[in-house]
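Could you walk me through this structure in the viewer, one selection at a time? I would like to know what to pick next and what is there.

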Amino acid sequence: DRPEYADWWAVYWSDALRVNGQRLTPQGARTYHAWIRQQVASDRPLDAFARDLILATGQVDQNGPANFYRAARTPSERAEQVASLFTGIRLECANCHNHPFERWTQANYHSFAAFFVQVRLVNRNENGQQISTVDLGGPQVYRGPDQKEVSPAVLGDQPVDVPRAGDRREALARWLTAPENP
């Protein structure tokens, strides 16, 4: 019930989510941090918080969660960030080779990154002001290191139906926040 609680956890999540005025725009960082603080203050469940971030689109200076995709700009960075933040899995090693100490393969890594290939950051100049917007106008095909097409797949043994058309991140968000997902 105390505002200090929301302040403290907003700082924690802001660090974890890379809220940074140099990586983001200064206004984007303020909007993102304010959104995070509001989520904590309103006791928003973590599954809803995660879904809002994963499915975010819109103008980064006006929609806090859209900055999630400005902080991590490539499908690989996004896959690493989502895996680390919401599953506790460090995938970085599997980008170039099978993980030496975990079960994650290079195929797992790139299949997970394929969820984020559609997301793009568009910068345009409007009335002398730079406007950054996150939308789904990016490519529909993710190519792995061998330049072969890679289909999106979740981590682990649970198969998930990922539609060929539409926002693939919806399947990821459902799987990630499902109560039965260990």
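Predicted model: local features only at pLDDT ≥ 70, side-chain atom pairs only at ≥ 80, totals over all residues.

As general background, nonpolar side chains tend to be buried together in soluble globular proteins.

Keep Phe-86 selected and show its surroundings. Once neighbours within four places in sequence are set aside, Phe-86 is in contact with Trp-13, Ala-50, Leu-53, Ile-54, Phe-68 and Leu-176.

**The aromatic rings**

Next, show the rings of Phe, Tyr and Trp. How many aromatic pairs does the structure hold? There are 11 of them. Zoom in on Tyr-69 and Phe-116, whose ring centres lie 6.3 Å apart; their planes meet at 45°, so this pair counts as tilted. The two residues are 47 apart in the chain and link distant parts of it: Tyr-69 belongs to helix α4 (residues 68-71), while Phe-116 sits in the loop between α6 (106-113) and β2 (120-126). Are Tyr-69 and Phe-116 buried or exposed? Both are buried.

Switch to a cartoon view and pick out the strands. In what order do the three strands lie in the sheet? The order is β1-β3-β2, in an open sheet with antiparallel pairing. At the edges are β1 (58-59) and β2, each of which pairs on one side only. In general, the strands of a sheet pair through backbone hydrogen bonds, either parallel or antiparallel.

Take the β1 side to begin with. Two bridges join β1 and β3 in the antiparallel sense. Select Gly-58, and you will find its bridge partner in β3 to be Val-134. Then move to Gln-59, whose partner in β3 is Thr-133.

β2 and β3 run antiparallel and are joined by seven bridges. These two strands form a hairpin with two residues between them, and in the turn Asn-127 has a positive phi of about 55°.

**The salt bridges**

Now display the charged side chains. In general, side chains of opposite charge can pair when their charged atoms come close. A search of the whole structure turns up nine salt bridges, and three of these stops follow.

- Select Arg-120 and Asp-135, a salt bridge whose closest N and O atoms are 2.7 Å apart. This pair connects distant parts of the chain, with Arg-120 in strand β2 and Asp-135 in strand β3 (residues 129-135), 15 residues apart. Arg-120 is partly exposed, at a relative accessible area of 37%, and Asp-135 is partly exposed too, at 23%.
- Move on to Asp-52 and Arg-44, which form a salt bridge with 2.7 Å between the closest N and O atoms. Asp-52 has a relative accessible area of 26% and is partly exposed; Arg-44, at 34%, also counts as partly exposed.
- Finish this group with Arg-169 and Asp-167, where the closest N and O atoms of the salt bridge are 2.9 Å apart. Are Arg-169 and Asp-167 buried or exposed? Both are buried.

Arg-18 lies in the loop between α1 and α2. Its phi is near 65°, a positive value in a residue other than glycine. With a relative accessible area of 33%, Arg-18 is partly exposed.

Where is Asp-43 found? Look in the loop between α2 and α3. Asp-43 has a positive phi of about 60° although it is not a glycine. Its relative accessible area is 65%, so Asp-43 is exposed.

Methods:
Residues numbered from 1 in each chain as written. Heavy atoms only, no water. Phe/Tyr/Trp six-rings, centres within 6.5 Å; stacked < 30°, edge-to-face > 60°. Helix = DSSP H or I, 4+ residues; strand = E, 2+ residues; numbered from the N terminus. Buried < 20%, exposed > 50% of the residue type's maximum accessible area, 1.4 Å probe, protein only. Salt bridge = Lys/Arg side-chain N within 4 Å of Asp/Glu carboxyl O. Pairing = 2+ DSSP bridges. Contact = heavy atoms within 4.5 Å.
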